[in-house]
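Please open the model in your viewer and keep the sequence panel beside it.

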Amino acid sequence: ATSWLLANGSCARIVIVTLYLQVAVGDLAFVIDTADVAEIDETTAGAVPPAGTLDCRRLFATPATAPGPCIVIAAADEALALIVDQVAGLVELDEGDLRPLPRRGRFGAAIDAIAVTAAPGPPPLRLRPRQLPRLH
């Protein structure tokens, strides 16, 4: 939230919200800034993934019980797509809804905040796809 001093001396509070895509990987819930998402492709579930695809179920050591949708990430430098278990929808969050997490371990740069909302289920973690470690 940002506060502005208006010409009449009063103060106005402006809250800027960001639209996030909610996804699930096993029991984990994530939100991805929609500005990072180029495409969601649920029709290719189970097909051979394109180059630059990370299966998030493998990455986060959760079992893949069924083919998952592919989220193509908007990137100028290289192709990147994520396979997840489920796309759960969209949610609006402002910076006050997110609490920063310490940068630790191999996912420290990729998972940088936790959303504190009244939504049911586990609180989603903010995922920065371009910061994910690549599997070799």
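What share of the contacts in the chain with a separation of 6 or more comes from residues 24 or more positions apart? With contact meaning heavy atoms within 4.5 Å, such residues account for 57% of them.

Before selecting anything, note that this is a predicted model, in which local features need pLDDT of at least 70 and side-chain atom pairs count only at pLDDT 80 or more, while totals for chains, interfaces and linings use all residues. Residues are numbered from 1 along each chain as its sequence is written, and side-chain values use heavy atoms, with hydrogens and water left out.

**The whole chain**

Along the sequence the pattern reads β-β-β-β-β-β-α-β-β-β-β-β-β. Switch to a surface, of which the chain exposes about 8100 Å² (by the Shrake-Rupley method with a 1.4 Å probe), with carbon and sulfur atoms supplying 56%. Of the 136 residues, 33% count as buried, that is, under 20% relative accessible area, as against exposed at over 50% and partly exposed in between, with protein chains only considered.

Select next the open sheet of 6 strands, whose order is 9-3-4-12-11-10 and whose pairing is mixed; two strands pair if DSSP finds at least two bridges between them. Strand 9 (86–94) and strand 10 stand at the edges with a single partner strand each, so one side of each is left without a neighbour in the sheet.

Begin at strand 10 (residues 98–100), which pairs with strand 11 (residues 111–115) in the antiparallel sense over 3 bridges, and find Leu-98, whose bridge partner in strand 11 is Ala-115. Moving on, strand 11 and strand 12 (residues 125–127) run antiparallel and are joined by 3 bridges, with Ile-114 opposite Leu-125. On to strand 4 (residues 28–33), which pairs with strand 12 in the parallel sense over 2 bridges; here Phe-30 stands opposite Leu-125.

**Asp-55**

Finally, centre the view on Asp-55, which lies in strand 6 (residues 53–55) and counts as partly exposed at 26% relative accessibility. Its side chain and that of Arg-57 are joined by a polar contact of 2.9 Å, a term for a pair of N or O atoms within 3.5 Å, of which, within protein, one must be able to donate a hydrogen and the other to accept it, residues adjacent in sequence counting only if both atoms are side-chain atoms.

Terms used. Helix = DSSP H or I, 4+ residues; strand = E, 2+ residues; numbered from the N terminus. Buried < 20%, exposed > 50% of the residue type's maximum accessible area, 1.4 Å probe, protein only.
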